[in-house]
Amino acid sequence: TVWQQAFPDGKSPQRVLVPPSPSAIFLVLTVRPGFESRAKDFLSEIAGLTRTVGFRSREADLSCVTGIGADLWDRMFTAPRPRGLHPFIEQRGDVHTAPSTPGDLLFHIRARRIDMCFELARLIGDALQGAVDVADEVHGFRYFDERDILGFVDGTENPEDQGAVDAVLRHPDDVAEDSVLDSGPGSVLDSAEAGPDVAAAVAGDSGPGSVPGDGSPGYPGSTFVIVQKYTHDMSAWDALSVEEQEAAFGRHKLSDVEFAEEDKAPNSHLVLNSIEHEDGNDREIVRDNMVFGSVGSGEYGTYFIAYAADVTTTEQMLENMFIGDPVGTYDRILDFSTALTGGLFFVPSQDFLDDPDGELAEAGLGIGGAASAKVDGSDSDGESDDDSFADVP
Ligand code: HEM
């Protein structure tokens, strides 16, 4: 595939770009204090577990993408955080808020069958029992015609082929660009403009002692992922006319045809999420939203997930949606959607996941285990943390 050919230095990405899967489980875990080395050891076990389950039905095409949150990175490694890795930045608009919620590890599990997803999620839970808590777990499904629960086809404008690779894949050249992005004009991370919250959130971006342009590795083959769990007020949404619903998105409901530019409302989802680089090229992300719900609790939702090599692209879209562009012109779909969670995770290459310390050493960043040994206080003998399971509740 295009994706696999794109690795000049041989770092394989995780299976981020896969065909749309009918089923997915989103599992967000927090790692209990003292279990950092257990969590780090587990990173290299995930590929094996995925093979174990996946081989039982190869046509189900099971895949698992693992993301690491900023706090856990600092607790597991002494190496600087990859630039762009920081806690999810809360967006507090006048009317709607995108909260930032806890999460150390994200597992994005996809397959053609939910039983395959469930079996892998179960094995991950078993393996980490006593070391982690489940912060959030959503079982998502693909709805009719790739529609979200609001009834609109979701995913149409995702970039494809090389465009998807370019949007998602971090390339060695990104290192040079990063130093510009973090301080460049108009960047969502321009702390002077973005205010103290954002400045505080990104201050730790590249870890202690790291400055823009310091040559810290761009972690080629990696990417970033942002997730949010939304629930919808379906009775309010259903009370709108189809025309009003279409105006909220900027697309026709039945045919999925995009409105002409002059017919799109400034507060429509499409206008606020169509953003460009200074050179006029589109800034793109790759989304793989899923529907979830429960009749009993009346919960109807969209699990939003987006991958991007440059995480400021997704962050800018979120700012446009919640704060508004211009300020106050927020996304109309938020009047019917509530963001309950928000997380940002670094998605390292598969090579990194298989051997984090080896990859960090190769990048000249020493052995990443020092931080966890310090925190655990249990690894001084170099043995693995066998009593991880001792305090199973
Ligand atoms: C487009 C649904 C949240 C970014 C769309 C479309 C739908 C949709 C139906 C039009 C078809 C398509 O191109 O996929 C939703 C729902 C959401 C949600 C139900 C949650 C309640 C978000 C968030 C972001 C986002 C949080 C970004 C942070 C985009 C982008 C497009 C898009 C970039 C394509 C715009 C274009 O180029 O035309 N979304 N979305 N969406 N959405 Fe969302």
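A: Helices (H or I, at least four residues) and strands (E, at least two) are DSSP runs numbered from the N terminus. The model is predicted, so local features need pLDDT of at least 70 and side-chain atom pairs pLDDT 80 or more, while totals for chains, interfaces and linings use all residues. Numbering starts from 1 along each chain as its sequence is written, and side-chain values use heavy atoms, without hydrogens and water.

In the loop between helix H13 (311–322) and strand E11 (337–339) sits Pro326. The peptide bond leading from Asp325 into Pro326 is cis, its omega near 0°.

Asp61 belongs to the loop between H3 and E2. Although Asp61 is not a glycine, its phi is positive, about 50°. Most residues other than glycine have a negative phi, and most peptide bonds are trans. The side chain of Asp61 also forms a salt bridge (Lys or Arg side-chain nitrogen within 4 Å of an Asp or Glu carboxyl oxygen) with Arg15, at 3.1 Å from N to O. The two partners are 46 residues apart, and Arg15 lies in the loop between helix H1 (2–5) and strand E1 (23–31). The count of salt bridges comes to 25.

Asp282 is placed in the loop between helix H12 (269–273) and strand E8 (286–287).

As for confidence, the chain has a mean pLDDT (the predictor's confidence in each residue, from 0 to 100) of 85, and 78% of its residues reach 70 or more. Over residues 175–197 the pLDDT is below 50, and this stretch has 31 contacts (heavy atoms within 4.5 Å) beyond near neighbours in sequence. Where pLDDT is low, the predicted coordinates should not be read in detail.
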